[in-house]
Structure formats: structure tokens, C-alpha cells
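Look at the structure first, then read on.

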Amino acid sequence: MREKIYSLFSNPSEMTWEQILLNLCMAALLGGLIYLSYAISHRGTIYSKKFNASLVALTVLTGTVMTVIGNNIALSLGMVGALSIVRFRTAIKDSRDTVYIFWTIIAGICCGVGDYVVASIGSGVTFLILLILGCIKNDNRMLLIIRGERSRQDAIQAGVFKFFDHKAILRVRNTSETNVEFIYEITQKMLNNAEKSGRTICDEIYALGGIEYVNVVMQNDEVSN
């Protein structure tokens, strides 16, 4: 029995159905770990269950491909050529999603060639790293957009600089015969610190009078008015 188990976890030149099944089961198990890691460490506003589920499937598929290739160099070259014609056009907005995709591919490769120890240790360390670093948030850049009467432009500029203690950066000023629009660059930290007094930037600007709208736009597609 011990020899049987050892033979399954070794890397034989000819794959048996037990070895194939073990490769795919290990890939699915590690894919489940990746699924759990993504669900726990995700900090964005939009969590995609479909993308997370596709990570598990990608791990198993990569393991399947590597099981087919094995030690056959000619087959591996042919497989690379066949897969090279596939082009992916899905836009990845979060750089961490790319890390998870590479994680699934690497885990699948390790399981496909029978290196379960490397796959398990590497996945465990990666899981801990992403779990810890997933708590880190970016100091997201934001755009403060203000539109009002042109006669109030001096008051608007003075109000913004006072509210943010002269740290807001003026990026754009658009003017027409009757209206003016300002676009300032700020950070989430600046906004939180300025609003500790209880008054928001919207309250401060609208109190000046002659204001058409005040928008706060974040780079990660989050918008608040």
C-alpha cells in the first residue's frame, strides 16, 4: 500500500489513470484555495464571482494540459503553437487579478507534472502574502469637479484651497461666458482629513452660492456626488 501511494506521488514517464486523476484533484484543490484567497482578500467595490470561479477552472485546465504534455518535447512544442493562436481581449482593471491568473497557471503546471509539494508550499505562501497585503489600500487619486457661475470663480478657488489647506492641485479650468468649471486632483486621505470637522466639500462649495454641481470622481470608477 505504501509503495502504491509512493508510486502515485512520483513522476512516472507513463501516466496512469490514477496519476491523471490525482493531478486533476490536486489542481482542483489548489484552485479552491485560490478561490478562497480571492474572495477573502478582494477589496474592490465590484466582486466578480464568475471571474473567481474561472480561476478554479483555469487551474484544472492548466493541470490537464501539462498532464497531456508530460515529458514529450514534440507534443509540448505543438501545444504551445496551438495555444498561441488564442488571443484574450478581456480588460483586467486590477493588477492583482493578473497575479491570481499567474497563480492558477503556475499551480496547474506544478500539479500537471506531479510536483505537489512545490505547488502546495508555493500556494500556501502566496495565500498568506495576498491575505496580509490584501488589507493594504491605495491612496486613490480623486478628481473634484465644480461648475458654477463665472462671477464666483475667485470664491470657489479660495474655498477649495482653504478646505484642503492649499493641497488640492488645480488641473483644469474651463470657462464660458457665464459659467466656469474647475477640476482639482485630490486624494482619499486628503478628503477624509478635511471632512473630519463634519462638513463635506459639497457643503462648503454649495454654501458659496451660484454653484451648479459638485462631483467627486475616483480613478477606480467609483463616483460620489
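Tyr100 and Trp103 are both buried; buried means under 20% relative accessible area, exposed over 50%, and partly exposed in between (1.4 Å probe, protein chains only). The model is predicted: local features need pLDDT of at least 70, side-chain atom pairs count only at pLDDT 80 or more, and totals for chains, interfaces and linings use all residues. Residues are numbered from 1 along each chain as its sequence is written, and side-chain values use heavy atoms, with hydrogens and water left out.

**Aromatic pairs**

Rings of Phe, Tyr and Trp (its six-membered ring) pair if their centres lie within 6.5 Å; planes under 30 degrees apart count as stacked, over 60 as edge-to-face and the rest as tilted. By this rule there are six aromatic pairs. Two of them are tabulated here.

| Pair | Centre to centre | Angle between planes | Class |
|---|---|---|---|
| Tyr100 and Trp103 | 5.7 Å | 35° | tilted |
| Phe161 and Tyr184 | 6.0 Å | 85° | edge-to-face |

Tyr100 and Trp103 both sit in helix 5 (residues 95-112). Helices (H or I, at least four residues) and strands (E, at least two) are DSSP runs, numbered from the N terminus. Tyr100 and Trp103 are about one helical turn apart, because three residues separate their positions. Ring pairs also join Tyr100 and Trp103 with Tyr38 and Phe51 into a cluster.

The pair of Phe161 and Tyr184 links distant parts of the chain. Phe161 belongs to helix 7 (residues 153-163), Tyr184 to strand 3 (residues 179-187), and they are 23 residues apart. Which of the two is buried, and which partly exposed? Tyr184 is buried, at a relative accessible area of 0%. Phe161 is partly exposed, at 23%.

**Thr62**

Thr62 lies in helix 3 (residues 49-69). Its relative accessible area is 12%, so Thr62 counts as buried. Leaving aside residues up to four places away in sequence, Thr62 touches Thr104, Ile105, Gly108 and Ile109. Contact here means heavy atoms within 4.5 Å.

**Nonpolar patch**

Leu36, Ile40, Val117, Ile121, Val125, Ile129, Leu131, Ile132 and Leu133 make a nonpolar surface patch of about 810 Å². Patch residues have over 30% relative accessible area and no salt bridge; like charges are joined within 9 Å, nonpolar side chains (Val, Leu, Ile, Met, Phe, Trp, Tyr) within 5 Å. Areas come from the Shrake-Rupley method with a 1.4 Å probe; for residues, only the protein chains shown count as cover. A salt bridge is a side-chain nitrogen of Lys or Arg within 4 Å of a carboxyl oxygen of Asp or Glu.

Helix 2 (17-41) and helix 6 (116-133) each supply at least two patch residues. Helix 6 gives the largest share, seven residues. Ile129 is found in helix 6. With a relative accessible area of 42%, Ile129 is partly exposed.
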